[in-house]
Amino acid sequence: MADVMTAVDYSMIGAYLLLVLALGLFLRRWASRSTEHYFLSGRKLPWWVAGTSMAASAFSIDTPLYVTAITRAGGIGANWEWWCYVVGGMFGALVLAALWRRAGVVTDVEFCSLRYDGKGADVLRAGRAGVFACFVNIVAMGLVLKAVVSIFAGPLGLHPLWVLLPCLAITALYSVLSGFWGVVVTDFLQFWLALIGAILLAVFSVHAAGGLDALGAVIAADGDRAVSMWPSTGDSESIFAAMLMFLGVQWWAFLNADGGGKIIQRQLACRSERDASIATLFFLVTHYVVRTWPWILTALASLVLLPKVGEGEQAYALVLFQVLPEGLRGLMVATLIAAFMSTIDTQLNWGGSYFVNDLYRPYLAKNRSENHYLKVSRLFVLVSLAGAGFVALWGESVTGLFRFLLAMGAGLGPVLLLRWFWWRINAWSELTAMLSSMVVASLCRYQGMALHDSLLVTLAVCLPLTIAVTWLTPPVGEVHRKRFMERTRPPGFWKTTDRVEKTPVLEASRRGFAGLVLSWIGATAGLFLLLFGSGEWLLGSVVAGIGMTLVGAALLFVGWRRVL
């Protein structure tokens with residue numbers, strides 16, 4: 001360990017940790033005002049704060065490990081496994097963000113009570129809160145902690161407990177003290193620090209590999225498979241089938257098809273609908289265009305520096321400790337800790353909001369004081385962190401856990417979208433989709449199915465079952481449905497009385513929906529062109545890259561002109 005890290009490196013890490021803890025202490029009094037301040041910062045966030053926080057929480061410590069592993073195995077085109085979510089992300093930014101902000105709920109699970117009525121709404125709200133807070137959230141945090149072990153325990157030769165325990169202790173203290181105010185303020189620092197670290201590592205790793213020309217020689221020897229922007233599945237028909245799966249199915253057959261709880265939490269915390277939409281756009285550009293290429297360049301360089309390393313997830317950490325000099329090595333470790341903390345504090349606050357706002361407060365302990373609910377929220381932080389540590393120590397690989405979560409949402413994603421646009425969806429529809437998707441995806445995982453096979457099987461079983469339950473159970477009552485429509489003004493297919501249909505705000509919302517769809521398609525194409533254009537000029541095709549970038553920026557501007 002002494003050969004890898006020096007006193008200068010440790011001083012960089014220590015300075016960062018002291019700064020974050022100081023911010024947590026300073027923001028403690030703001031977080032203690034009420035549960036709405038603890039979970040949503042009083043709904044006063046401007047777009048640039050909310051958007052940066054979205055980007056920081058999505059830049060998890062496990063993300064570069066995952067990108068490195070799939071790029072080493074399948075080339076740049078393998079990243080379509082997560083690039084495809086640009087489609088749903090843009091739909092969320094242009095269409096759903098404003099709807100979520102109008103809903104005015106504390107969590108997306110509370111939305112169940114706004115959208116549905118009767119016993120089914122209560123069962124669904126409590127069930128989703130329990131499943132997501134106590135299972136999905138803990139598994140997701142286990143993913144991040146597993147990445148901590150992969151990055152530090154292997155290269156430094158430490159036992160996993162010596163890595164996990166300090167990380168858990170620091171994160172618990174910071175998260176319990178500051179609430180969502182601390183999350184968003186420190187996310188702003190953590191995002192830029194983590195981005196600088198990723199860029200520095202990319203620069204040093206490419207230089208250590210001999211520069212882009214040396215990478216080109218390795219790529220040429222591999223038949224250009226490594227730098228192809230398309231999935232490396234063989235012939236053109238196979239590539240077409242893979243792209244059809246990515247762009248036609250995977251983005252909506254997804255656990256976060258409606259934006260996902262963490263993104264929605266920040267949209268709900270924005271000060272206006274416009275801020276919620278622009279914040280989500282900022283997140284999409286930074287996540288898919290700005291941050292993609294530092295990770296991919298490091299992964300390509302690792303093919304030269306570590307050609308015989310079998311475990312792709314380890315390659316990122318090994319390159320880090322191999323190429324960075326004293327001081328910068330400590331800074332890079334600090335940036336990875338920043339990425340870790342920005343994700344974990346988000347998961348803890350988000351999971352606590354589900355447990356307290358949607359399970360404990362409405363069903364287990366009604367009419368208690370705000371101080372009581374804040375204490376329960378902080379206690380839940382400690383319990384969920386312990387569960388995440390268990391997953392990290394005994395779970396499978398980062399990539400394997402990530403793909404299991406993707407497959408688990410295949411049956412639920414369609415309902416999460418349809419509930420905004422089709423009046424017939426009810427609480428039993430969503431409950432059926434959630435439970436059946438979990439069961440089928442678990443069975444597929446047990447059988448060792450590949451991701452796409454698991455997605456298709458889960459979708460084929462769960463979607464027909466959900467539609468059947470939808471038609472066999474009664475719809476949401478007219479009075480409740482009217483209240484929901486007047487509050488959120490959703491577009492789509494809604495069966496209502498003539499009096500409600502003639503409401504001016506509802507009619508205006510419906511007339512603008514077709515234009516929003518066209519804007520969504522154009523803006524999505526624009527973001528993809530920005531993504532690929534950036535890659536082209538980084539890898540040497542400067543003219544093509546600049547052309548794609550300019551066209552992409554124009555399409556993005558045209559698609560967003562009504563919002564900007």
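Start with helix 23, which covers residues 478–488: arginine 481 and glutamate 478 sit in this helix 3 residues apart, so about one helical turn separates them. Keep in mind that you're looking at a predicted model. Side chains of opposite charge can pair when their charged atoms come close. Here, the side chains of arginine 481 and glutamate 478 meet in a salt bridge, with 2.7 Å from N to O. Glutamate 478, at 29%, counts as partly exposed.

Now zoom out. Take aspartate 258 and arginine 419, whose closest N and O atoms are 3.0 Å apart in a salt bridge. Aspartate 258 is in the loop between helix 12 and helix 13, while arginine 419 is in the loop between helix 20 and helix 21, so this pair ties together parts that are 161 residues apart in sequence. Both aspartate 258 and arginine 419 are buried. These two also belong to a network: salt bridges with shared partners join Asp108, Arg128, Asp258, Arg419 and Glu430.

Arginine 125 and aspartate 358 form a salt bridge through their side chains, at 3.0 Å from N to O. Arginine 125 belongs to helix 9 (residues 118–156) and aspartate 358 to helix 17 (residues 328–364), so the pair links distant parts of the chain, 233 residues apart. Arginine 125 is buried, and so is aspartate 358.

Conventions
Residues numbered from 1 in each chain as written. Predicted model: local features only at pLDDT ≥ 70, side-chain atom pairs only at ≥ 80, totals over all residues. Heavy atoms only, no water. Salt bridge = Lys/Arg side-chain N within 4 Å of Asp/Glu carboxyl O. Helix = DSSP H or I, 4+ residues; strand = E, 2+ residues; numbered from the N terminus. Buried < 20%, exposed > 50% of the residue type's maximum accessible area, 1.4 Å probe, protein only.
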